[in-house]
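Me: I would like to go through this model term by term. Please set each value against its definition.

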Amino acid sequence: RVNSEEMMRSIVINTSKFRGISRSVSASRSIFTLPDLKYGYGELEPVITGEIMEIHHSKHHNTYVTNLNIASEKLAAAEAAGDVTAMVQLQGAIKFNGGGHLNHSIFWENLAPPSKGGGGVPEGELAALIDAKFGSFDAMKEKMTAATVAVQGSGWGWLGYDKTSGSVAVACCANQDPLEATTGLVPLFGIDVWEHAYYLQYKNVRPDYVKAIWELANWSDVAARLEAAK
């Protein structure tokens, strides 16, 4: 028989603030978990191979989750002990692994196979905001593609929402730096340009990968993120 504490630890919640971010809840701490995908690893082919998706999700993302949990437990212990030095030392690990978890949890939901709504163009308010900022969807796509391809080393290209101005913007972040914590923009649509996201298939030709991934953009998910951000 499962007691109440064990039941609480098994509950997975998704809040509006952390849309798509999975974590188990206990009385003492949050334990982050690897989110399930809404499609099979092979369903994004031919744009992204099943092999890449399986490694990316089950290995890379899972490593961020594992290390985030380790760092979170160490932080809780440091806080309980009043060890400020240890608390400061852990910030880098929390930023990197927490950012990796946040970014990938959004990324998986930003994508969908064409049979499940991937591709096409934005509609409604999202389309209107894109047109107001960039002139057209194609102009936004061109700007975001160029900015994302130009990321030095590893990082992400993003379409984000500026709550202050009520407009959308293109921005890039290095490594696993999370968009909102770094720029203040709420992440709507992201493109991962760490080499593990594409190298097995596209080799060193990052532009081909970035151009192709638009065929999988899940604009329904992006529109829902916009609505939640307002």
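Reply: Begin with pairing: two strands pair if DSSP finds at least two bridges between them. Helices (H or I, at least four residues) and strands (E, at least two) are DSSP runs, numbered from the N terminus. Strand 4 and strand 5 form a hairpin with four residues between them. Gly 166 in the turn has a positive phi of about 70°.

Me: What kind of model is this, and how are residues numbered?

Reply: The model is predicted: local features need pLDDT of at least 70, side-chain atom pairs count only at pLDDT 80 or more, and totals for chains, interfaces and linings use all residues. Residues are numbered from 1 along each chain as its sequence is written, and side-chain values use heavy atoms, with hydrogens and water left out.

Me: How many helices and strands are there in the protein chain?

Reply: The protein chain has 10 helices and six strands.

Me: What makes strand 4 and strand 5 a pair?

Reply: Eight bridges join strand 4 (residues 155–162) to strand 5 (residues 167–174). The definition asks for at least two. The two strands therefore pair, and they run antiparallel. One of the bridges sets Gly 157 against Cys 172 in strand 5.

Me: How do you know that strand 4 and strand 6 pair?

Reply: Six bridges link strand 4 to strand 6 (residues 186–192), again in the antiparallel sense. By the two-bridge rule they pair. Trp 158 stands opposite Gly 190 in strand 6.

Me: Why is strand 4 called mostly covered?

Reply: Seven of its eight residues are buried. Buried means under 20% relative accessible area, exposed over 50%, partly exposed in between (1.4 Å probe, protein chains only). Over the protein chain, 45% of the 230 residues count as buried.

Me: Which residues does UniProt list for "binding site"?

Reply: The unreviewed entry lists His 56, His 104, Asp 192 and His 196. They are spread over 141 residues of sequence, yet they cluster in space: the largest C-alpha distance is 12.3 Å. UniProt positions follow the numbering used here, feature names are shortened, and annotations may be inferred rather than shown by experiment.

Me: Why is His 56 called buried?

Reply: His 56 has 1% relative accessibility. That is under 20%, so His 56 is buried. His 56 is found in helix 2 (residues 50–81). Contact means heavy atoms within 4.5 Å. Not counting residues up to four places away in sequence, His 56 touches residues including His 104, Asp 192 and His 196.

Me: Why does His 196 count as buried?

Reply: Its relative accessible area is 18%. The cut-off is under 20%, so His 196 is buried. His 196 lies in the loop between strand 6 and helix 8 (199–202).

Me: What makes the link between His 196 and His 60 a polar contact?

Reply: The side chains of His 196 and His 60 are joined at 3.5 Å. A polar contact is a pair of N or O atoms within 3.5 Å; within protein, one must be able to donate a hydrogen and the other to accept it, and residues adjacent in sequence count only if both atoms are side-chain atoms. The value meets the limit.

Me: Why is Asn 110 called buried, and what does its side chain reach?

Reply: Asn 110 has a relative accessible area of 0%, so it is buried. Asn 110 belongs to helix 4 (residues 91–110). Its side chain reaches the backbone nitrogen of Gly 190 at 2.8 Å.

Me: How many aromatic pairs does the structure hold?

Reply: The structure holds 12 aromatic pairs. One of them, Phe 107 with Trp 108, is tilted: 5.5 Å centre to centre, 50° between the planes. Rings of Phe, Tyr and Trp (its six-membered ring) pair if their centres lie within 6.5 Å; planes under 30 degrees apart count as stacked, over 60 as edge-to-face and the rest as tilted.

Me: Why are Phe 107 and Trp 108 both called buried?

Reply: Phe 107 is at 1% relative accessibility, so it counts as buried. Trp 108 is at 4%, so it is buried too.

Me: What makes the pair of Phe 137 and Trp 219 edge-to-face?

Reply: The planes stand at 90°, with 5.6 Å centre to centre. The angle is over 60, and the centres lie within 6.5 Å. The pair links distant parts of the chain: Phe 137 in helix 6 (residues 137–149) and Trp 219 in helix 10 (residues 219–229), 82 residues apart.
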